[in-house]
Amino acid sequence: MLFGGTCFLCRGASRAVLCPDCDADLPRLPPAGEKRLCPRCALASPGGALCGRCLAEPPAYDATVAALAYAFPADTLMHALKFRGELALAPLLAEMLFHKIYENEPIDLVVPVPLSARRLRERGYNQAAEIARRLDMRAPLELFLCERTRDTAAQTELPWSERRRNVRGAFRCARPIPGGTVAVVDDVMTTGATLDEVASVLKKSGAARVVNWVVARTYVEPP
């Protein structure tokens with residue numbers, strides 16, 4: 001009904017946001033039980049073991065749960081939410097993510113990746129927060145626990161090698177966290193540099209464990 005009785009992607013008749021065919025076309029990532037993903041970064045890894053990158057340079061976060069591969073047509077949904085203000089997509093994306101995390105480990109706090117004040121004013125909303133609001137979790141949602149202290153260039157505009165430097169020192173935690181596990185929600189994970197920096201800040205503030213909950217993850221199917 002939100003989209004006039006049509007599928008958001010193909011514009012064919014549909015009672016839901018996506019028609020059954022478009023829903024089936026979404027590039028869902030393998031379930032955890034198939035053991036095809038690195039449990040820490042959610043990239044392809046034989047047998048579900050820690051990948052070589054996470055072994056060589058362990059990130060600050062401890063685990064990643066992702067619902068979709070960041071590929072067509074999932075990328076169309078992500079762009080529409082992030083850049084075109086299609087907030088009615090947030091419940092759909094949150095539901096997809098929820099189905100991946102509902103049997104996951106207990107969580108003490110849920111935190112969305114924050115936007116800078118300037119970008120929040122321009123966009124009018126934080127897409128990560130809109131997704132996090134709609135996750136039916138029992139853990140408290142802390143919208144302002146993690147803050148972005150300075151504006152940074154968009155990560156998509158930078159080479160992968162410069163993204164870590166771009167976000168270094170760009171976040172702060174508003175108060176100490178007395179241990180426990182924090183889930184960080186974001187719409188898309190590419191290099192993981194932003195989530196790594198957020199996790200580092202949360203751990204310096206006392207978090208014992210940080211897990212990423214992302215709707216879409218860049219993913220390459222192994223040969």
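Cys22 is buried, with a relative accessibility of 11%, where buried stands for under 20% relative accessible area, exposed for over 50% and partly exposed for values in between (1.4 Å probe, protein chains only). The model is predicted, so local features need pLDDT of at least 70 and side-chain atom pairs count only at pLDDT 80 or more, while totals for chains, interfaces and linings use all residues. Residues are numbered from 1 along each chain as its sequence is written, and side-chain values use heavy atoms, with hydrogens and water left out.

A disulfide is a covalent bond between the sulfur atoms of two cysteines. With a disulfide taken as a pair of cysteine sulfur atoms within 2.5 Å, the count is zero. Cys22 is in no disulfide, and the nearest cysteine sulfur, in Cys19, is 3.6 Å away. For Cys38, the closest cysteine sulfur is that of Cys41, at 3.8 Å, which is too far for a bond. Cys38 is buried, at 1% relative accessibility.

The protein chain contains eight helices and six strands. The chain has 223 residues, of which 49% count as buried. Its accessible surface is about 11,200 Å², with 54% belonging to carbon and sulfur atoms; such areas come from the Shrake-Rupley method with a 1.4 Å probe, and for residues only the protein chains shown count as cover. Contact is defined as heavy atoms within 4.5 Å. Among contacts between residues at least 6 apart in sequence, 70% join residues at least 24 apart.

A nonpolar core is a set of buried Ala, Val, Leu, Ile, Met, Phe, Trp, Tyr and Cys residues joined through side-chain atoms within 4.5 Å. The largest such core has 37 residues, and Leu18, Met96 and Trp213 touch the most other members. Two or more residues each are given to this core by strand S1 (63-69), helix H3 (74-84), helix H4 (90-101), helix H6 (127-133), S5 and strand S6 (209-217). H4 provides the largest share, seven residues. A second, separate core of 30 residues includes Ala69, Val184, Leu202 and Val210. Apart from neighbours within four places in sequence, Leu18 is in contact with Cys7, Phe8, Leu9, Asp23, Leu26, Leu77, Leu92 and Met96.

In H3, the residues Ala74, Leu77, Met78, Ala80 and Leu81 are buried. Viewed down the axis of H3, the buried residues fall within an arc of 160°, so they line one face of the helix; the arc is that of the directions from the helix axis to the C-beta atoms. The buried residues of H3 pack against S1, H4, H6, S5 and S6. After H3 comes Gly85, whose phi is positive, near 70°.

Leu135 lies in the loop between H6 and strand S3 (146-148) and is buried, at 7% relative accessibility. Its contacts, leaving aside neighbours within four places in sequence, are Ala94, Leu97, Phe98, Ile101, Val185 and Trp213. Leu135 and Pro91 are 44 residues apart in sequence, and their C-alpha atoms are 8.1 Å apart. Thr181, in strand S5 (residues 181-189), is also buried, with a relative accessible area of 11%. Residues up to four places away in sequence aside, Thr181 touches Glu105, Pro106, Ile107, Asp108, Leu109, Arg209 and Val211.

The whole structure has 10 salt bridges, each defined as a side-chain nitrogen of Lys or Arg within 4 Å of a carboxyl oxygen of Asp or Glu. One of them joins the side chains of Asp62 and Lys203 (2.9 Å, N to O). This pair links distant parts of the chain, 141 residues apart: Asp62 is in the loop between helix H2 (52-56) and S1, and Lys203 is in helix H8 (residues 193-204). Asp187 forms a salt bridge with Lys82, with the closest N and O atoms 3.9 Å apart. Here strand S5 and helix H3 hold the partners, which are 105 residues apart. Asp187 is buried, at 2% relative accessible area, whereas Lys82 is partly exposed, at 22%.

Glu122 and Arg118 meet through their side chains in a salt bridge (2.6 Å, N to O). Both lie in helix H5 (residues 117-123), four residues apart, about one turn of the helix. Glu122 is exposed, with a relative accessible area of 56%, and Arg118 is partly exposed, with 33%. A network of salt bridges links Glu130, Arg133 and Arg134.
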